[in-house]
Amino acid sequence: MKKSYRIPVYILCFCILVLPSLGCGKTPSRNMENTPGPSFADSPASAERPSPSESTDSGKSPVNTENPETMITEDLSGYFTGYEGCFVLFDQNQNKYTVYNEEKSGKRMPPCSSFKIVNALIGLETGVLADENTAFPWDRTQYAIESWNQDQTLQSAVTHSCVWYFQRVAAEVGEERMQEYLDGIEYGNRDISGGITEFWLMSSLTISPMEQVGILRRMYGCQLPVSRENIDTVKKVITLSDENGIRLSGKTGSGVGANGNRYSNGWFVGYVEKDGNAYFFATNIEPDGASDESAGGIQAKEITLSILRDKGLY
């Protein structure tokens, strides 16, 4: 004769009311860590990613707990004769910073045309730009730089560092969306009070060389609150050379000082890919006050490439 057993009422209540809330024996229907936050209504791929201000990403460079970041300082003053300069290099595989002029590496300066990297990303994310072939017509304004006096695509505007193209991108993005993306990306001081078409041009927006490297690292590693597709487009348009197994990508930036006679703020930021590694860099220069040298993006790029060559990276 089989025995029958009665389950106490308190056990039944526990199973019915408590266990489901603990998720026992259930597979979650959503991965909450990867759930997108609010998105822009007019962004063509908005459902694929979180809104920048709602991003679950911390906004910092990826942390390698097994191989913590290290930093060494190096005297590279011989490359910077006539300039107050700074050089920051990050070796991805070694998780190591090499810094010349540590104090200046944290000094924020207007990004000037080096901001085109992030401006392009934001333009793509908001749908103002579709891809590297998005064209804007030249309005017949005559510019001193001849290559600006023609219709431009995103690719040509980066190649020629065409300011009017990116001013139009910023204007169409608008202040509200631009601010939201700069906050989400954590770009420098995030200050666009200088005006939507001027804030990065020796105006209110500033960023340090160390922060520039951090932005590049997060972009390269798809750690920014933007889509991988748009990151790949920007990577494509900032590629400067790709030969002998070495790819150089980057963007210069130049700003004229108060006297208006010469460049007084020069940037070159980017990265080198070689032998399965990536090396991120940022160089910034200012006149040292003792020479008449122009401190612009061309000079910053020349200094950077000299350093990279001597280190066997380029």
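Predicted model: local features only at pLDDT ≥ 70, side-chain atom pairs only at ≥ 80, totals over all residues.
Q: Why is α3 called oblique to α8?
A: The axes of α3 (residues 116-125) and α8 (residues 228-237) cross at roughly 140 degrees. Angles over 145 degrees would count as roughly antiparallel and 65 to 115 as roughly perpendicular, so α3 is oblique to α8.

Q: What makes the contact between α3 and α8?
A: On the α3 side you will find Ile 117, Ala 120, Leu 121, Leu 124 and Glu 125; α8 brings Asn 230, Ile 231, Thr 233 and Val 234. By class, these residues divide into six nonpolar, two polar and one charged.

Q: Why is α3 called oblique to α6 as well?
A: Here the axes of α3 and α6 (residues 175-185) come within 11 Å and cross at roughly 120 degrees. The roughly perpendicular range is 65 to 115 degrees and roughly antiparallel begins over 145, which means that α3 is oblique to α6. The contact joins Val 118, Asn 119, Ile 122 and Glu 125 of α3 to Met 178, Tyr 181, Leu 182 and Ile 185 of α6.

Q: How do you know whether Thr 134 is buried or exposed?
A: Its relative accessibility is 14%, and buried means under 20%, so Thr 134 counts as buried. Thr 134 sits in the loop between α3 and β4.

Q: What makes a polar contact for the side chain of Thr 134?
A: The backbone oxygen of Asp 131 lies 3.1 Å from a polar atom of that side chain, and the cut-off is 3.5 Å.

Methods: Residues numbered from 1 in each chain as written. Heavy atoms only, no water. Axes fitted to C-alpha atoms, helices over the stretch in contact; angles between N-to-C directions. Helix = DSSP H or I, 4+ residues; strand = E, 2+ residues; numbered from the N terminus. Parallel < 35°, antiparallel > 145°, perpendicular 65-115°, else oblique. Contact = heavy atoms within 4.5 Å. Nonpolar A, V, L, I, M, F, W, Y, C, P; charged D, E, K, R; others polar. Buried < 20%, exposed > 50% of the residue type's maximum accessible area, 1.4 Å probe, protein only. Polar contact = N/O pair within 3.5 Å; in protein donor to acceptor, adjacent residues only side chain to side chain.
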